[in-house]
Structures are given as structure tokens and as C-alpha cells.
Amino acid sequence: MTRSAGTGVRVRRAAALAGSALAFVVAASGCGIRTTQVPVNAGPAPSRVSCDVPSKAASAPSEAGSAVRVFLVCGAGLVSVQRVVGVSAETMAADRMRAAHALLDELQREPSQEEKQAGFSTDVRGSLTVSAGRRGDPAGALRLSREPDDLPPHALAQIVCTYSGSAADDGDASVELGGPAEDPPRKYQCTAALKARPEAAPDPR
């Protein structure tokens, strides 16, 4: 009799455990939890770009060339890199338009392999050109072949930050840019906020 009673207790316990497991599965299904026996492979975590070009990747300036700083897109912001242009430092300092042309050419140039590996890209593309301001424009103004407001926000931010503080700026670490229309040029500044969020586009002053 004792053995039969013990066996009955064990049977009832096993049935209770089985019922609990079934209730859990039903509850999980009702909550929208999908059961699966196949492991989910979400792939590797996204890699973070370094935004740091090795110094050996930058060419050294020569007598016929000079080092310049251009702003490229990297990660969520703008980061400056050093490039070497085939214009002497003396010419860049003395000829503002020559400097403006050289810097715009560099912005439109495809990043080097080292720059790409570090995460750099450029949004300044196409046949964009720059020229001196027209009669009646403020001294030092530059005219682009496209209206600044028609450029992609990152592209305009790259141009503003590259020109500001360079031999192509208007003398106060800013740049006055206009387009092919008759609208007057407007002054832009490269701020810390613009470099951090170039997608917002620079605000004219």
C-alpha cells in the first residue's frame, strides 16, 4: 500500500510539471514570442570608422606643391585631412582664386585608398566650378556654378569649412558664396556645430 501511494504521488507530480510547461508555451505564444530551434545569426556588430589617415599616407609637400587642409565626410561629421596640391605655397597665398580652384578640385577628387579605409568620403561631385565675385559683390566673394542652397548639405558644409581659414577665405575665417543667379552672395562660417552635424547645412550670416 505504501509503495502504491508513493507511485501515485510521483505520477501526480509529473503530470503537474507537464501541465506547467504546457501553460508556459501557450502564454509565450499569446505574448507574441515565437519559439524556434534555429539559432539566430544577426551578423557581426557594425565596425566603427577610425577617421584617422596614417601620416605616411599623406604626401610631403615639395617646392612645386604645398600642403592644404580639406574637410571630408567621416562618420557623422566633417574631419579635415591633409592633401598636397601642385601649386606652391607662395602662389596659394598670393592668388586667392588659384587657391579656391585648387581646394575645390581636391574636394571633388576621389578619396585615396587609405582615406577610404579610414572611413572618408566626399559629397562634392560633378563639374562644380568657382569664380570670382561680380561687380557689386562684396570684396572677396566667390561664385559657384550652382546655387549654394541647391548643393547637398554635406557638400556645402565641406566647401564652407575647407574655404574658411584657408587662402580662399575672405579674411575673417569665413567665406561669402553665391551662385550663377543674380542673388547676392551670403557669408558662411565653419562652426563646431556644422562640423558635428553637416547634414543640417550651414546657416548664412
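These questions and answers walk through a predicted model of one protein chain.

Visitor: How many helices and strands does the secondary structure of the protein chain come to?
Guide: Start with the order of elements. From the N terminus on, they run α-β-β-α-α-α-β-β-β-α-β-β-α. The total comes to six helices and seven strands.

Visitor: What share of the contacts with a separation of 6 or more comes from residues 24 or more positions apart?
Guide: The chain has 205 residues, and 32% of them count as buried. For contacts with a separation of 6 or more, the share from residues 24 or more positions apart is 58%.

Visitor: Which residues have the most contacts inside the largest nonpolar core?
Guide: That core has 38 residues. Elements giving two or more residues to this core are strands E1 (66-74), E2 (77-85), E5 (142-144) and E6 (174-178), with helices H3 and H5. The residues with the most contacts inside the core are Leu-142, Ile-159, Tyr-163 and Leu-177.

Visitor: Which residues does Leu-177 touch, not counting those up to four places away in sequence?
Guide: Leu-177 is one of the residues with the most contacts inside the core. Its partners include Leu-156, Ile-159, Val-160 and Tyr-163, and these four are buried residues of H5.

Visitor: How many of the residues of H5 are buried?
Guide: Buried here means under 20% relative accessible area. H5 is mostly covered, and its buried count is 10 of 11.

Visitor: Is H3 parallel or oblique to H5?
Guide: H3 (residues 96-108) and H5 (residues 153-163) pack at an angle of about 140 degrees, with axes 11 Å apart. Roughly antiparallel would need an angle over 145 degrees. The angle of H3 to H5 therefore makes the pair oblique.

Visitor: By class, how many nonpolar, polar and charged residues are in the contact of H3 with H5?
Guide: H3 passes H5 in a right-handed crossing. H3 brings Ala-100, Leu-103, Leu-104 and Leu-107, and H5 brings Gln-158, Ile-159, Thr-162 and Tyr-163. By class, that is six nonpolar, two polar and no charged residues.

Visitor: Is Leu-103 buried or exposed?
Guide: Leu-103 sits in helix H3. Beyond its neighbours within four places in sequence, Leu-103 is in contact with Val-68, Arg-69, Val-70, Thr-162, Tyr-163, Ser-166 and Ala-168. The C-alpha atoms of Leu-103 and Phe-71, 32 residues apart along the chain, are separated by 9.9 Å. With a relative accessible area of 2%, Leu-103 is buried.

Visitor: Where is Cys-51, and what is its phi near?
Guide: Cys-51 lies in the loop between helix H1 (2-30) and E1. At 22% relative accessibility, the residue counts as partly exposed. Most residues other than glycine have a negative phi. Cys-51 has a positive phi, near 55 degrees.

Visitor: What is the phi of Ala-173 near?
Guide: Ala-173 is placed in the loop between H5 and E6. Its relative accessible area is 44%, so Ala-173 is partly exposed. Its phi is positive in a residue other than glycine, near 60 degrees.

Visitor: Which residue with a positive phi follows H5?
Guide: The phi in question is near 80 degrees. The residue is Gly-165.

Notes. Residues are numbered from 1 along each chain as its sequence is written. This is a predicted model: local features need pLDDT of at least 70, side-chain atom pairs count only at pLDDT 80 or more; totals for chains, interfaces and linings use all residues. Side-chain values use heavy atoms; hydrogens and water are left out. Axes are lines fitted to C-alpha atoms, for helices over the stretch in contact, and angles run from 0 to 180 degrees between N-to-C directions. Angles under 35 degrees count as roughly parallel, over 145 as roughly antiparallel, 65 to 115 as roughly perpendicular and the rest as oblique. A crossing is left-handed if the near helix is turned anticlockwise from the far one by less than a right angle, and right-handed if clockwise. Contact means heavy atoms within 4.5 Å. Ala, Val, Leu, Ile, Met, Phe, Trp, Tyr, Cys and Pro count as nonpolar, Asp, Glu, Lys and Arg as charged, and the others, Gly among them, as polar. Buried means under 20% relative accessible area, exposed over 50%, partly exposed in between (1.4 Å probe, protein chains only). A nonpolar core is a set of buried Ala, Val, Leu, Ile, Met, Phe, Trp, Tyr and Cys residues joined through side-chain atoms within 4.5 Å.
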